[in-house]
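User: Hello! Could you walk me through this structure with a few questions and answers?

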Amino acid sequence: MRITDIQRCEVRPGRLVEWTLSPATVAAATALPEDSRPPAYIQESHIRTARCVREDGLFVPTWLGTAFDLPGPVDLDALQEALRAWTVRHETLRSGFRWAGPARDELRRFTLNAADVSLQRAEAGDFPDADELVRHLQDRFDTVADALCWPNLIYTAVVRDDGASVYMAFDHSNVDAYSLTRIAAEVHELYTAGLADAGPDSGDPAASYVDFCELERADADGIDARHAIVGRWREFIRRCDGVLPGFPVDLGLEPGGPLPRQQLLCEPLADAAEAAAFEAYCRPYGGSLVGLLAATGLILHELGGQPVYRTVVPFHTRVKSRWSDSVGWYVGGAPIEVPVDRTTGFPGTLRAVRAELQANRSLARMPLARVLSLLGADFRPTSPDLYSIVSYVDTRTVVGAERWTEQRAHALLRVSYGDQVCVWVNRLHEGLWLASRYPDTDVAAKNLRLYVERLRDHIASVAHGSLPAVS
C-alpha cells in the first residue's frame, strides 16, 4: 500500500458524510470503571510526548489514516454497519485513557463493551472543490483524531454517483502502518456481507491489542537497570553522544531552535522487476531490508562523512501468529552500528548489517520507553519522533493487496512538525514505494533528494548487474 498524505491521494469532489462514536457511546465510556490492563509503553510514551509538546505551546497532529474506494451506488446504512462491526472487532478502538492520580499524571485505561459501541452519522455537505475538501478533511482529522482526546477516531465517505471514497483517521496510539494495510479488505468484506444479508456479522473478534499491552508490559516491568538489554542500549546511546540517533546528514536545523515544520517526499523507488532483482541479490544476507540499510549506510557516509552508520531499525512485535490480524501499535526498535568506512563495498556492508541485525533484533521486543526510564537519563521528548528511522515492509502478502490499485487504497501520514527524518519503503506488486517525512528546510530538502536519487541508482545498479555478485 502506498504511503502518502491526504494532499496526495487524489481526493475527488463529492458529498461528505462523517461518522464518529455516538453521544451514547461516549456517555457509556465516561461512566466506565478502570480497566486494569495498562497502556503499552509505546502508547504511554506517545501520549506523554503529545502532552509535553502541547505544554510547550505547539499543536502537533500525529494521526494515521487510510483511504480506499467503494463501488457505487453506495448504501450508507450498510457502510455504517460495516464500520461499526469493524470497530467492534478490534478492542483497542473502543479503549482509551484518562489522566488519574493526585497529580493527574497517571494513565488509566477504560474499555467499552462491544454492545455499547454505536456510530453517529452526520452530513457535512457538498464539496465541489477538491482542495477545499482536502483542507476540511485534514482539519477534522486533526481535531478528532488527537492523542489527548477520546474518542480519537473518525470515519468519512465522499459520496458520488459512481461510488464513494472512504477516509478513516486514528490517533497513532491505536494503529501502526501494518494495521492500516488490512482495513480496506476488512471493511469491503463487511460491507459486501451487509449488502447481501442486511446486516454484517463482525465475526469473531480479532486478538486484542489491549491484551498484548498487558502481556508486554508485564514482561518489560520484570527487568531492571542491570539487565543485559539495558546495558546494550546504554552503550549504544553513549556512542551516539548521549542521544538517540538522527539522520546523519546536515538538515539545516539550529541547535535548540523551535520544532520545525516538515515536508513529505513520496514516489516510486523501483519497478517490480528491479525490486525482485534487488531482493534476489540481497537474499543470502537477509533480503531487501538488509540491502536497504546497507545502501543507506553507504550513501549517508558519502553525504555526511560519518564513519559509522548508527540507527534504530523498526521491527514489528507480532511475534506470535495470534496477533497477525490485530489492529494495534506493534512496533519496537533495535539499534545497529555499521562501520561503513571499513566495509568492502556493498557486499561487505551487507555482511556487516546482517551481523548487526542478527545480534540485536531481539532487543526490539523490549519497549524502548521502558529501557530509557531505567537508564535514568533525561529523555524528555520534545519531538513526536524520538529518532530517525529507515523502515522496510513487504506488503504483497497482505489480504487484498492485489486490489489496492483498483481500490485506490493508500496509507495516510499526517505531516506537521518534527526534527527527525523518517523513511518508509514498502514492497508492492508494482515495485518499491518510498515515503519520507523530513524537516522543511532547503538543506534537508537537498540532502533528502540526493539520498533518494542515490538510493534509486544503487538499487538499479544492483538489479541490472552493475555490482559484483555476493559471495
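User: Is Asp241 buried or exposed, and what is its relative accessible area?
Analyst: This is a predicted model, where local features need pLDDT of at least 70, side-chain atom pairs count only at pLDDT 80 or more, and totals for chains, interfaces and linings use all residues. Residues are numbered from 1 along each chain as its sequence is written, and side-chain values use heavy atoms, with hydrogens and water left out. Buried means under 20% relative accessible area, exposed over 50%, and partly exposed in between (1.4 Å probe, protein chains only). Asp241 is therefore exposed, with a relative accessible area of 73%.

User: Where is Asp241 found, and what is its phi?
Analyst: Most residues other than glycine have a negative phi. Asp241 sits in the loop between H7 and E9; such helices (H or I, at least four residues) and strands (E, at least two) are DSSP runs, numbered from the N terminus. Although Asp241 is not a glycine, its phi is positive, at about 65°.

User: How many of the eight residues of H11 are buried?
Analyst: Helix H11 (residues 368–375) is mostly covered. Its buried residues include Leu368, Arg370 and Val371, and what covers them includes helices H2 (41–55), H6 (209–220) and H7 (228–239). Of the eight residues of H11, the number buried is six.

User: At what angle do H8 and H9 pack?
Analyst: Axes are lines fitted to C-alpha atoms, for helices over the stretch in contact, and angles run from 0 to 180 degrees between N-to-C directions. Contact means heavy atoms within 4.5 Å, and here Phe278, Glu279 and Cys282 in H8 meet Ser288, Gly291 and Leu292 in H9. The axes of H8 (residues 272–282) and H9 (residues 288–304) are 8 Å apart, and the angle is about 90°.

User: In what order do the strands of the open sheet with E9 and E12 come?
Analyst: Strands of a sheet pair through backbone hydrogen bonds, either parallel or antiparallel. In this sheet, E9 (262–271) and E12 (389–394) are the edge strands, each pairing on one side only. Four strands with mixed pairing give the order E9-E15-E14-E12.

User: What is the bridge partner of Val393 in E14?
Analyst: E12 and E14 (residues 422–428) run parallel and are joined by six bridges. In E14, the partner of Val393 is Asn426.

User: Which helix lies across E9, E12, E14 and E15?
Analyst: H8 packs on the sheet too, touching E9, E14 and E15 (431–439), with its direction at about 85° to that of E9. The helix that lies across E9, E12, E14 and E15 spans residues 442–463 and runs at about 10° to E9: it is H13.

Terms used:
Two strands pair if DSSP finds at least two bridges between them.
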